[in-house]
Amino acid sequence: MDWQGQKLVEQMMQILLVSFAVVAFVTGYALGSFQTMLLTYAGGVVFTALVTIPNWPVYNRHPLSWLDPSEAEKHPKPLAANSSSKKKTTKK
(Lines give C-alpha, C1' and ligand atoms only; values in the text may rest on other atoms or scores of the structure.)
Protein backbone atom coordinates (compact mmCIF):
# COMPACT_ATOMS: atom_id res chain seq x y z
CA MET A 1 0.00 0.00 0.00
CA ASP A 2 1.43 3.36 -0.99
CA TRP A 3 1.24 6.65 0.91
CA GLN A 4 -1.74 7.96 -1.04
CA GLY A 5 -3.51 4.64 -0.47
CA GLN A 6 -2.93 4.90 3.27
CA LYS A 7 -4.35 8.41 3.28
CA LEU A 8 -7.40 7.27 1.29
CA VAL A 9 -7.99 4.31 3.62
CA GLU A 10 -7.74 6.53 6.71
CA GLN A 11 -10.28 9.00 5.29
CA MET A 12 -12.63 6.23 4.20
CA MET A 13 -12.42 4.56 7.60
CA GLN A 14 -13.30 7.77 9.44
CA ILE A 15 -16.16 8.65 7.09
CA LEU A 16 -17.63 5.14 7.13
CA LEU A 17 -17.46 4.75 10.91
CA VAL A 18 -19.06 8.12 11.58
CA SER A 19 -21.73 7.47 8.93
CA PHE A 20 -22.60 4.09 10.40
CA ALA A 21 -22.68 5.58 13.89
CA VAL A 22 -25.22 8.18 12.77
CA VAL A 23 -27.30 5.61 10.88
CA ALA A 24 -27.19 3.22 13.84
CA PHE A 25 -28.24 5.94 16.27
CA VAL A 26 -31.14 7.08 14.09
CA THR A 27 -32.26 3.49 13.49
CA GLY A 28 -32.04 2.59 17.17
CA TYR A 29 -33.83 5.77 18.22
CA ALA A 30 -36.61 5.36 15.64
CA LEU A 31 -37.22 1.73 16.56
CA GLY A 32 -36.57 2.26 20.25
CA SER A 33 -34.15 -0.64 20.30
CA PHE A 34 -30.66 -0.49 21.74
CA GLN A 35 -29.94 -3.96 20.34
CA THR A 36 -30.83 -2.84 16.80
CA MET A 37 -28.54 0.15 17.19
CA LEU A 38 -25.62 -2.03 18.29
CA LEU A 39 -26.20 -4.58 15.54
CA THR A 40 -26.38 -1.85 12.89
CA TYR A 41 -23.14 -0.30 14.13
CA ALA A 42 -21.43 -3.71 14.39
CA GLY A 43 -22.40 -4.42 10.79
CA GLY A 44 -20.91 -1.07 9.81
CA VAL A 45 -17.67 -1.86 11.62
CA VAL A 46 -17.41 -5.23 9.85
CA PHE A 47 -18.14 -3.60 6.48
CA THR A 48 -15.55 -0.89 7.16
CA ALA A 49 -12.97 -3.52 8.11
CA LEU A 50 -13.63 -5.48 4.90
CA VAL A 51 -13.21 -2.32 2.82
CA THR A 52 -10.15 -0.86 4.53
CA ILE A 53 -8.01 -3.67 5.99
CA PRO A 54 -7.18 -5.81 2.91
CA ASN A 55 -4.54 -4.45 0.57
CA TRP A 56 -6.86 -3.90 -2.40
CA PRO A 57 -5.26 -2.94 -5.76
CA VAL A 58 -7.00 0.43 -5.67
CA TYR A 59 -4.70 1.39 -2.78
CA ASN A 60 -1.56 0.75 -4.89
CA ARG A 61 -2.05 3.27 -7.68
CA HIS A 62 1.14 5.20 -6.85
CA PRO A 63 3.83 2.59 -6.14
CA LEU A 64 7.11 3.64 -4.59
CA SER A 65 10.21 3.45 -6.72
CA TRP A 66 13.01 1.82 -4.75
CA LEU A 67 16.70 2.36 -5.41
CA ASP A 68 18.24 -0.38 -7.55
CA PRO A 69 20.77 -2.47 -5.54
CA SER A 70 23.51 -1.87 -8.12
CA GLU A 71 23.02 1.89 -7.72
CA ALA A 72 23.14 1.58 -3.95
CA GLU A 73 26.56 -0.09 -4.16
CA LYS A 74 27.93 2.82 -6.21
CA HIS A 75 26.96 5.31 -3.52
CA PRO A 76 27.90 3.87 -0.11
CA LYS A 77 26.21 5.14 3.01
CA PRO A 78 28.30 7.72 4.90
CA LEU A 79 29.63 6.60 8.27
CA ALA A 80 28.12 8.22 11.31
CA ALA A 81 30.40 10.37 13.45
CA ASN A 82 31.51 8.61 16.61
CA SER A 83 29.91 10.46 19.52
CA SER A 84 32.33 8.99 22.09
CA SER A 85 35.27 10.83 20.51
CA LYS A 86 33.87 14.19 21.57
CA LYS A 87 35.33 15.47 24.79
CA LYS A 88 32.98 16.56 27.51
CA THR A 89 33.82 19.79 29.23
CA THR A 90 33.16 20.02 32.91
CA LYS A 91 32.77 23.19 34.91
CA LYS A 92 34.56 23.42 38.23
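From the N terminus onward, the elements of the protein chain follow the order α-α-α. The secondary structure amounts to three helices and zero strands, where helices (H or I, at least four residues) and strands (E, at least two) are DSSP runs numbered from the N terminus. The model is predicted, so that local features require pLDDT of at least 70 and side-chain atom pairs count only at pLDDT 80 or more, whereas totals for chains, interfaces and linings use all residues. Residues are numbered from 1 along each chain as its sequence is written, and side-chain values use heavy atoms, with hydrogens and water left out.

Burial and surface were examined for the chain as a whole. Of its 92 residues, 12% count as buried; buried denotes under 20% relative accessible area, exposed over 50%, and partly exposed the range in between (1.4 Å probe, protein chains only). The protein chain exposes about 8,200 Å², of which carbon and sulfur atoms supply 66%. Among contacts (heavy atoms within 4.5 Å) between residues at least 6 apart in sequence, 66% join residues at least 24 apart.

Two aromatic pairs are present in the structure. Rings of Phe, Tyr and Trp (its six-membered ring) are paired if their centres lie within 6.5 Å; planes under 30 degrees apart count as stacked, over 60 as edge-to-face, and the rest as tilted. The pair of F20 and F47 is edge-to-face, because the ring centres lie 6.0 Å apart and the planes stand at 65°. This pair links distant parts of the chain, with F20 in helix 1 and F47 in helix 2 (residues 34-52), 27 residues apart. Both residues are partly exposed: the relative accessible area is 23% for F20 and 41% for F47.

The pair formed by F25 and Y29 is stacked, with 6.0 Å from centre to centre and 20° between the planes. F25 and Y29 are separated by about one helical turn, because they lie four residues apart in helix 1. Y29 is exposed, with a relative accessible area of 67%.

Q6 is also located in helix 1, which spans residues 3-31. With a relative accessible area of 38%, Q6 is partly exposed. Q6 and T52 are separated by 46 residues in sequence, and their C-alpha atoms are 9.3 Å apart in space.

Note on methods. Areas by Shrake-Rupley, 256 points an atom, 1.4 Å probe, with all protein chains shown as cover.
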